[in-house]
Amino acid sequence: MIPSQHISAMVSMTMLLTPYSTVTTNCVKPYPNCELKPGPLRRSDANLGRPQNFAFLFPPPRQGRTQPQSLVGAIQNSKDMALRFEILGRFNRARAAKLTLPHFVSQTPLFMPVGTQGTIKGLTTSQLEEIGCQIILGNTYHLALRPTSELIDELGGLHKFMNWPRALLTDSGGFQMVSLLHLADITEKGVTFQSPVDGKPMLLTPEESIQIQNRIGADIIMALDDVVKTTITGPRIEEAMYRTLRWIDRCIAAHKRPHDQNLFGIVQGGLDPVLRDICVKGLVDRDLPGYAIGGLAGGEDKDSFWRVVAQCTAALPEDKPRYVMGVGYPLDIVVCSALGADMYDCVYPTRTARFGTALVPEGVLKLKHQAMAHDTRPIDQTCECMVCKNYSRAYIHCLVTKDAMGSQLLSYHNLFYMMKLSRNLHSSIVEGRFPEFVCKFLQKMFPEGDVPQWVCNAMEVAGIDISSCCSPFPSS
Amino acid sequence: MKFSIKAWSKGGGRAGVLQVGGHAIETPALLLTTRKGLPNFIPPDLLSSLPDPDSRLLQFSPLHFSEGISLKTISELGGLHQMLGLKEHVFAAVPRDSIISLPEYQSANKMGASFETPCGRLLIKPVQYMEMISSMKPNMWATLADEVPAWVSEKRNRTSVDRTVRWLDECITSNVAANAGGAVFGSIVGGSKIEERKRCAQEVAKRDVSGFCIGGFGLGESMDERPALLNAITESLPQDKPRQICGLELPEEVLQGVAAGVDLFDSTYIYHLTLGGFALTFPSDDIAKCYSGEQLCDNGTDGTKINLKATVYRKDTSPILEGCKCYTCQNHTKAYINHLFNVHEMLAQILLEIHNTHHYLGFFRVVREAIKRGTFQEFRQNFVESRRDRIFAAALSA
């Protein structure tokens with residue numbers, strides 16, 4: 001399958017790990033950041049021979065083995081990366097790694113809570129540290145509005161501003177614009193929108209987005225991509241994918257701090273495997289510190305969702321982190337981790353807390369429900385967080401939706417649950433018991449054995465045997 | 001519960017020690033207001049960052065639990081301390097909390113007292129109240145009172161005293177009283193009438209209670225008529241039992257209470273400050289500083305507190321108060337808190353409540369020091385005057 005005769009010696013090691021970057025046959029370091037000129041994507045890439053069957057999307061499962069440390073280390077010490085990604089353990093496609101960022105050494109797979117406006121709603125930074133949060137997301141759109149990226153820069157960057165000693169990630173601002181502003185429009189120049197402050201027409205270009213993120217100072221910054229909903233069909237998706245590739249070049253050119261901020265590219269392409277493949281290859285060509293899989297978690301059916309994740313994780317380089325944007329349900333995170341993804345973010349745990357819902361191994365617990373008023377048990381008997389150790393469901397029930405303290409306590413528990421899930425994913429892979437962990441997870445969540453079909457399909461591709469969790473006649 | 005007095009100061013004021021719930025708490029002391037047993041904003045795991053044991057005293061109103069959770073469930077959970085995960089804290093129950101449990105004197109009748117709460121207007125009879133106390137098991141509890149504002153008729157005022165004393169008897173002789181445990185604080189009312197206040201205090205003093213809860217203040221009487229009323233009450237009470245009061249908010253009002261010989265105060269000052277975005281900055285950790293003519297801040301504040309919503313703090317990277325040891329000042333800047341207020345984030349109130357509580361507890365500590373040194377009268381005079389001067393000067397320069 002790998003046309004090894006085309007590969008020069010210098011890239012051979014890279015090729016072993018990224019079998020589907022074969023398009024870059026003659027390029028060792030195609031786009032060094034400082035010399036980049038924005039230009040059209042090389043259309044020739046699109047025409048390179050593609051097999052007609054899509055078996056290439058699902059490579060045979062790699063037998064569990066640990067990546068030799070020295071090999072991984074040798075590849076990543078590129079001067080354009082401000083991170084180190086060292087894989088400590090594997091099971092087939094799943095991997096547990098040490099991700100070293102400028103402000104913090106973290107462990108993947110990991111979940112990143114979303115602190116939209118420079119804070120996770122209702123939690124202090126000391127609580128977040130106690131819970132075990134490693135990387136927190138800040139929303140560029142909101143921060144650029146208030147208190148403005150210039151102010152954050154003047155006061156020493158977002159880390160200093162909010163006194164968060166660990167790692168931060170900022171998104172590009174594009175998604176919020178498209179989802180929050182009625183009159184946002186995307187052109188080749190950038191995202192045009194009406195300023196929510198005074199109604200003036202404004203433009204967010206890739207350059208501007210990167211500049212704002214440079215000022216905010218997060219460890220990881222995201223390229224501005226042309227994101228479309230997965231429920232949309234037609235040529236718009238293709239247009240968005242190619243534009244994303246054109247914009248990544250502009251983002252790379254505008255990035256002034258590659259030595260301490262990692263620019264991640266975002267793979268778009270809707271649910272079309274051909275488009276996704278083109279996008280992956282185009283981004284991998286640019287040799288970025290990490291890659292995100294975007295455009296998902298927007299209402300598409302789960303069966304399409306996991307296939308896109310599987311295809312992208314198979315095609316993205318082994319030695320770089322992979323971030324699935326917007327993925328937050330615990331089940332989705334377990335499946336994506338099995339397929340080889342490393343990082344996740346979602347507002348779900350904190351948002352659902354404010355509506356009175358707690359995350360538990362069995363799924364969710366709706367504390368608003370009348371039955372909770374008499375339940376003297378903790379939210380989750382197996383949870384060691386401050387909330388479960390001290391409070392009963394009945395007390396939380398009388399707080400939720402009426403008192404701020406209720407959503408504070410639930411947010412604390414939900415984030416603790418997500419960070420515990422992250423830690424368990426990491427340690428179970430490192431300690432060689434990942435399949436057992438997955439089975440136990442599914443058994444708790446589906447005690448009747450009614451594991452959804454999409455999960456079964458995904459686990460098959462991931463090479464994890466979950467037959468012990470599924471009842472003999474699963475409903476499809 | 002045990003109470004003993006350690007020092008008196010001329011001009012009023014007594015410093016004592018209240019032994020309750022395993023803690024030795026020095027008085028005059030501040031009871032922190034809570035909503036459903038937990039602070040309004042401070043998460044329970046950050047309560048321990050506040051000064052100990054000053055921050056152990058928590059006041060709550062049993063009426064907060066009128067809906068959402070049943071008394072039976074509270075009993076099953078083992079009472080308030082278990083339910084709130086605050087086993088080392090001291091809970092004082094008072095039906096009125098001045099924020100969401102407000103006495104409604106017009107709907108009260110001979111059967112019970114009326115309160116405006118988020119669950120509507122509730123009529124609470126002594127037997128109902130005792131059921132609440134017995135399932136919640138607080139360390140201290142005030143008896144049910146008919147609190148009336150200062151402007152009611154003499155007849156209504158007299159009725160409130162009669163009712164309060166009768167309900168006190170019903171509370172302490174009720175068959176659940178023994179089960180409830182906790183120290184009983186007899187409620188004293190009487191509005192703005194000195195005679196009625198004296199009468200009520202004398203009646204309550206005859207009963208077998210562990211302390212006294214002075215009610216009916218902060219409901220329309222003026223600050224000028226208060227000292228006479230307070231003195232009338234405390235002169236009729238035995239010296240060796242603690243006196244608690246509700247409804248005195250500001251530092252100046254607290255000092256009035258201290259001068260009259262009150263030992264325990266609850267105050268909604270911190271809550272209202274926090275909601276408004278104010279952080280206390282008046283010097284209180286050093287008596288000398290309270291005396292000195294502090295240089296006025298030039299940004300239009302009155303030197304006693306700052307409003308963190310003001311744009312002047314947008315880029316201010318200093319803590320709220322230099323040298324303050326609270327969690328907020330050790331970790332965050334005015335600029336950050338200003339941003340949090342601008343974007344309506346809950347964290348703003350959390351951080352402010354921590355600072356304001358820390359600061360106000362510090363004020364109480366300074367008051368206790370002044371009493372122990374015998375200089376309370378001087379301290380009070382200087383404090384009130386310097387605050388008045390600052391506010392006056394700030395108003396002039398505005």
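Predicted model: local features only at pLDDT ≥ 70, side-chain atom pairs only at ≥ 80, totals over all residues.
Modeller: Local features need pLDDT of at least 70 and side-chain atom pairs count only at pLDDT 80 or more, while totals for chains, interfaces and linings use all residues. Residues are numbered from 1 along each chain as its sequence is written, chains are lettered from A in the order in which they are written, and side-chain values use heavy atoms, without hydrogens and water.

Colleague: What makes B:Arg35 and A:Asp403 a salt bridge?

Modeller: The rule asks for a side-chain nitrogen of Lys or Arg within 4 Å of a carboxyl oxygen of Asp or Glu. In B:Arg35 and A:Asp403 the closest N and O atoms are 3.5 Å apart, so the pair meets the rule. Across the interface of chain B and chain A the rule finds four salt bridges.

Colleague: How do you know how much area chain B and chain A bury between them?

Modeller: Buried area is the accessible area (1.4 Å probe) that two parts lose on being put together, summed over both. For chain B and chain A that comes to about 3400 Å², with 57% of it on carbon and sulfur atoms.

Colleague: Which residues count as being in the contact?

Modeller: Contact means heavy atoms within 4.5 Å; 40 residues from chain B and 41 residues from chain A take part.

Colleague: Why are β2 and β3 of chain A called paired?

Modeller: Strands (E, at least two residues) are DSSP runs, numbered from the N terminus. Two strands pair if DSSP finds at least two bridges between them. Four bridges join β2 (residues 94-100) of chain A to β3(A), so the two strands pair, and they run antiparallel. A:Thr100 has A:Val105 in β3(A) as its bridge partner.
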